[in-house]
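Hi everyone, thanks for coming.

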Amino acid sequence: MQNIQEITKELPFWNSLSASQKIFLNQNAYLKSFPRGKILSGTEKACLGLFYVVSGKIRVYAISENGKEITLFNIEKDETCVLSSSCVIEQVKFDAQMVADEDCRLLIFGASGIGKLSNENLNVKCFVYEILIKRFSQVMEIIQRTFFDSIEKRLKEFLLQERRRTGSNTIKITQTKIAENINSAREVVARTMKKFEQEGLVETKRGIIILKDLENVKKS
C-alpha cells in the first residue's frame with residue numbers, strides 16, 4: 001500500500017513545487033478512507049480542500065429543496081478534485097454534495113494548505129483552475145444530456161462507459177444506481193433495460209447486466 005510520500009509524487013503539479021513546498025505538501029496531507037454511501041461534504045459544510053482518489057469512486061450531485069437529485073459527475077481512481085474547496089479560490093461559490101459511490105481511500109490536502117500553495121506557486125493555481133473548468137464542463141455536458149438526449153442514448157452511453165471503466169462486459173450494478181447516474185427514474189431505466197434485452201443488446205440478472213452486442217449499442 002502506497003504511503004503519502006509516494007502518492008503526492010503522482011500529483012500533476014508535483015514537479016513544479018520547490019523543495020520546501022514539497023515538504024509542506026507531505027507534512028499537511030493525510031490519507032482517509034470512506035465507506036460506500038458516506039457523505040464526504042455538502043452545502044455549507046467545511047470543505048475538504050484538494051483530494052486525490054487513491055481507490056474507489058465518488059459521485060458528485062446537486063439536490064433541490066424538494067429532495068430531487070441530479071448527478072453532475074463522478075471522480076474516479078487517480079483523479080483529483082478541488083470542487084469542494086470554495087475557500088481555495090474565493091470567487092468559486094459552487095456547492096455540491098459528494099458521496100462515496102464505492103469504498104474510497106483519499107489523499108486529502110486541506111483547503112488552507114492548497115490555498116497557500118496556490119498563492120505561492122502559479123502552476124498550482126493554474127492546476128486548480130484547470131480542474132474547476134473541467135468539472136464545470138462536465139456539469140454543462142450532463143445538463144445537456146439530461147434535457148436533450150433520449151433515455152435510450154443516455155443508458156447506452158452509461159453502459160459503454162462502465163464497460164471501459166471496468167474492462168468487462170459484465171457490469172455489477174443495480175437499476176437504482178444506474179438511475180442515479182443518468183438522472184432518471186428507476187422505473188424508466190427498468191423499462192428501457194427490458195427493451196434492450198428484447199433487442200438482444202443485454203442480458204439482465206439481479207444486480208448484474210451483461211453486454212452482449214456492443215456494436216449495436218454503439219450504432220444505436
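L155 sits in helix α5; helices here are DSSP runs of H or I with at least four residues, strands are E runs with at least two, and both are numbered from the N terminus. Before going on, a quick note on what we're looking at: this is a predicted model, where local features need pLDDT of at least 70, side-chain atom pairs count only at pLDDT 80 or more, and totals for chains, interfaces and linings use all residues. Residues are numbered from 1 along each chain as its sequence is written, and side-chain values use heavy atoms, with hydrogens and water left out.

Back to our leucine. Is L155 buried or exposed? With a relative accessibility of 0%, L155 counts as buried. Buried means under 20% relative accessible area, exposed is over 50%, and partly exposed is in between, using a 1.4 Å probe and protein chains only.

So what does L155 touch? Leaving out residues up to four places away in sequence, L155 touches I178, I182, V189, T192, M193 and F196. Contact, by the way, means heavy atoms within 4.5 Å. Take I182 from that list: 27 residues separate it from L155 along the chain, yet their C-alpha atoms are 6.9 Å apart.

Now zoom out to all of α5. The helix covers residues 151-166, and its 16 residues should span 22 Å at 1.5 Å a residue; the end C-alpha atoms are 22 Å apart, so that agrees. The expected span is 1.5 Å times one less than the number of residues. Along with L155, the buried residues of α5 are I151, R154, K156, F158, L159, L160 and E162.

Next stop, helix α7, residues 186-198. Its 13 residues should span 18 Å at 1.5 Å a residue, and the end C-alpha atoms are 18 Å apart, so this one agrees too. Which residues of α7 are buried? They're V189, T192, M193 and F196. Looking down the axis of α7, those buried residues fall within an arc of 105 degrees, so they line one face of the helix. The arc is taken from the directions from the helix axis to the C-beta atoms. If you're wondering about the spacing, an α-helix has 3.6 residues a turn, so residues three or four places apart point the same way.

On the face of α7 turned away from the buried side, you'll find the exposed residues R191, K194 and Q198. The cover over the buried residues of α7 includes α5, α6 (175-182), β10 (202-205) and β11 (208-211). Just past α7, G200 has a positive phi of about 80 degrees.

In the loop between α6 and α7 there's N183. Its phi is near 60 degrees, which is positive even though N183 isn't a glycine. At 16% relative accessibility, N183 counts as buried. Compare D78, in the loop between β5 and β6. D78 isn't a glycine either, and has a positive phi of about 75 degrees, but at 44% relative accessibility it counts as partly exposed.

β4 (residues 57-63) pairs with β5 (residues 69-76) in the antiparallel sense over seven bridges; two strands pair if DSSP finds at least two bridges between them. One example is Y61, whose bridge partner in β5 is T71. The two strands make a hairpin with five residues between them, and G67 in the turn has a positive phi of about 90 degrees.

Have a look at R59, which lies in β4. At 4% relative accessibility, this arginine counts as buried. Its side chain makes polar contacts with the side chains of E69, at 3.1 Å, and T71, at 2.8 Å. A polar contact is a pair of N or O atoms within 3.5 Å; within protein, one must be able to donate a hydrogen and the other to accept it, and residues adjacent in sequence count only if both atoms are side-chain atoms.

Last, the big picture: the protein chain has eight helices and 11 strands, and buried residues make up 45% of its 220 residues.
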